[in-house]
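Please read them beside the structure.

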Amino acid sequence: MSVPANHPIDILRFNTCGSVDDGKSTLIGRLLYDSKSLMEDQLEALERSADITGKGQINLANLTDGLRAEREQGITIDVAYRYFATPRRKFIISDTPGHVQYTRNMVTGASSANLAIVLVDARQGVIEQSRRHTCIASLLRIPHLIVAVNKIDLVDWREERFIEIRSQFEQFLPRLDIKDVKFIPLSALNGDNVVETSRHTPWFSGPTLLGHLESVHIGSDWNLSGFRFPVQWVNRPNNPSDPQLHDFRGYSGQVAGGIVRAGQKVMVLPSGQVSTVKRIWTLDGPLEEAFCPQSVTIELQDDIDVSRGDMLIGPENLPGAGDELQAKVCWMHPRALLRGKKYLLKHTTSTVQAMVTAIKSRVNMTTFEPEPEPQELAMNDIGEIQLKTSRPLVYDGYALNRLTGSFILIEPGTNATIAAGMLNAPQQAIHLEYTDFVI
Amino acid sequence: MSNYYLDHLQYLETEAIHVMREVAAEFERPALMFSGGKDSICLLRLAEKAFRPSDIPMPFLNVDTGHHFPELNDFRDRRAAQLGARLIIRKVEDAIRQGIAVPAPGEVSRNRLQIPTLLAAIEEFRFDCCIGGARRDEEKARAKERFFSFRDSFGQWDPKNQRPEIWNLYNARLNPGENMRVFPLSNWTEQDVWEYIRREQLEVPTIYFSHRRKCVRRHGQWLPVTDLLPLKPNEEIHELVVRVRTIGDIISTGMVESRADNVDDIITEIAAARVTERGSRADDKSSEAAMEDRKKAGYF
């Protein structure tokens, strides 16, 4: 995995969210159509379905609504992924339906996104769904947000209406954790300000939607401070024909934070053993250093006990460790969360048992205020809980590191994924005073 | 721009390696589906990247319809041998003889019959997970697929009730009899696949490159003339310079007229293409929801 020197093409992952008739699917259709990412057979298929269901008019939403039930009911059921590219960037779109199961779908579609587009109908302005989607984007710490004020043609391209909606947002944005917000007036149906600058909005000097997607800076979206390496798979060749491999013992995984260098000291957690990186092994030859999110195999100087679920860390920016945790969760299952119930918790590469010891609060989606001590968390609720795990976790606060600060809860028996969790920052970093790890 | 930066292929690669290692760590008896096609060729390289210097810790599985291009099967066998992998082949032919797969009256295509053949192989070897090379950009039912796609004990996919998939935390837990299909190339496009083949200098079967072939025009496509696809009255043979863009059965794979005889030319051709890859697959055109229906029944 060598890093190319000149102008590589990178990938931007973005999520589109809006309520039922905000025109999300139309917007995606328009992006694909105007950036010439649609192919003739896709257009033919659209025209065929237009004859059947659309009274002869092409419905760009049919591009993303791929399942039969979706086309029949004119709705989007599940997260759909779409791909397109311009000479500057590749894009992965996750399109999430706005009506039923919205929290569940949006969390699925947006968890690894660099950017979220919240669609607002210019006629309706900010509604509860817009607030909810923005709140989830903030909770998931999506670094960039675009508020697309759609159907601006239906309010006669009026700047006052655009400003009104922007100030509606600006009233609650300070209570959220989104740093980069952009507002764009557009008409997905007619293509204004999507790919081409609209001649109807001379009062708007910002970029088009695609222009912004192509240029937004995402280079610093990964965590590069504080080495974290959850061991995924122990790499030990059986009966290798190459005698040099007889003693090979490597730890394979994806760097979940920071940078590691050959020759540096690392500590294995939770055991606390210290060793030195002998070699960073890859199929393409050894690396001098590896960084988040590269996948590598690390060999250590010493023969110590390391297995899946352990974490290698570096001496700087230490994580927390503990079996009593506080976290925000999005509840995703019809069976509500109850205090005292046991679940399986998957965090990085380790799965442990976890008991919910307290439900501290539930977020009120209208005011964003926490309501203390609710009885339960129901489907689509977001709340703060306290957990006790059967083994200590080595973790970071989600705000610091998405990969080491997140977990899912799994219901034993059905094996359903029932919650997405974001850990609060640890009260204190792990103690190292009894080791020689501190340099 | 900092040096700590991955370009799009490196990003897709590390994502896919992570997925493959999760499979090796979380499942008891995984298999990797290898047909010899371009997507599964990328899967093999990713498996090498994920697991070397160890052996790839799972056998390769292929469902042979008996209607494969001979070039493809030769390539498949040779590549598996090079990697020292165990290659398991289960034939639709045998499944029909054993009554596992039953053709409808007059059914010539082996496409649907792959499903019971695959499910029987999963049962025979008690595979709990099959890694496949499907991509979300191929087809709109696939656009709704997860990386870890849960199948019930009948092998069925339920698109309305999929497990939420969050961050890179994959829920791999199964009850007995259930099965997972895992798609490490979910986020790859056709263009990415060819760019990866170029970067990694991977060998691909010769039918991807332009060559002379006897074809017949049928349903708007150029189909290869073989013993399995005899001419109908009024049809005539055309000798054309063609290649395949996607490989299905020899009786349903449309050949595209092309002069692209190397990987660079193919990448240029795809970049300029105005038709999708699966536009040349008759099996997807049978109805608007052809792929969805096959997937629900247990297709790859």
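**Notes on the chain B and chain A interface**

1. Arg308(A) and Glu22(B) join their side chains in a salt bridge, at 3.0 Å from N to O. The term stands for a side-chain nitrogen of Lys or Arg within 4 Å of a carboxyl oxygen of Asp or Glu. Between chain B and chain A the count is seven salt bridges.

2. This is a predicted model, in which local features need pLDDT of at least 70 and side-chain atom pairs count only at pLDDT 80 or more, while totals for chains, interfaces and linings use all residues. Residues are numbered from 1 along each chain as its sequence is written, chains are lettered from A and ligands numbered from 1 in the order in which they are written, and side-chain values use heavy atoms, with hydrogens and water left out.

3. In contact (heavy atoms within 4.5 Å) are 70 residues of chain B and 88 residues of chain A. Of the area that chain B buries against chain A, Tyr4(B), Lys144(B) and Trp167(B) supply 14%, more than any other three residues.

4. Ser198(A) sits in the loop between strand E6 (180-185) and helix H7 (209-215) of chain A; helices (H or I, at least four residues) and strands (E, at least two) are DSSP runs, numbered from the N terminus. Ser198(A) is buried, with a relative accessible area of 7%, where buried means under 20% relative accessible area (1.4 Å probe, protein chains only). The side chain of Ser198(A) comes to 2.9 Å from the backbone nitrogen of His200(A).

Definitions and conventions: Buried means under 20% relative accessible area, exposed over 50%, partly exposed in between (1.4 Å probe, protein chains only). A polar contact is a pair of N or O atoms within 3.5 Å; within protein, one must be able to donate a hydrogen and the other to accept it, and residues adjacent in sequence count only if both atoms are side-chain atoms. Buried area is the accessible area (1.4 Å probe) that two parts lose on being put together, summed over both.
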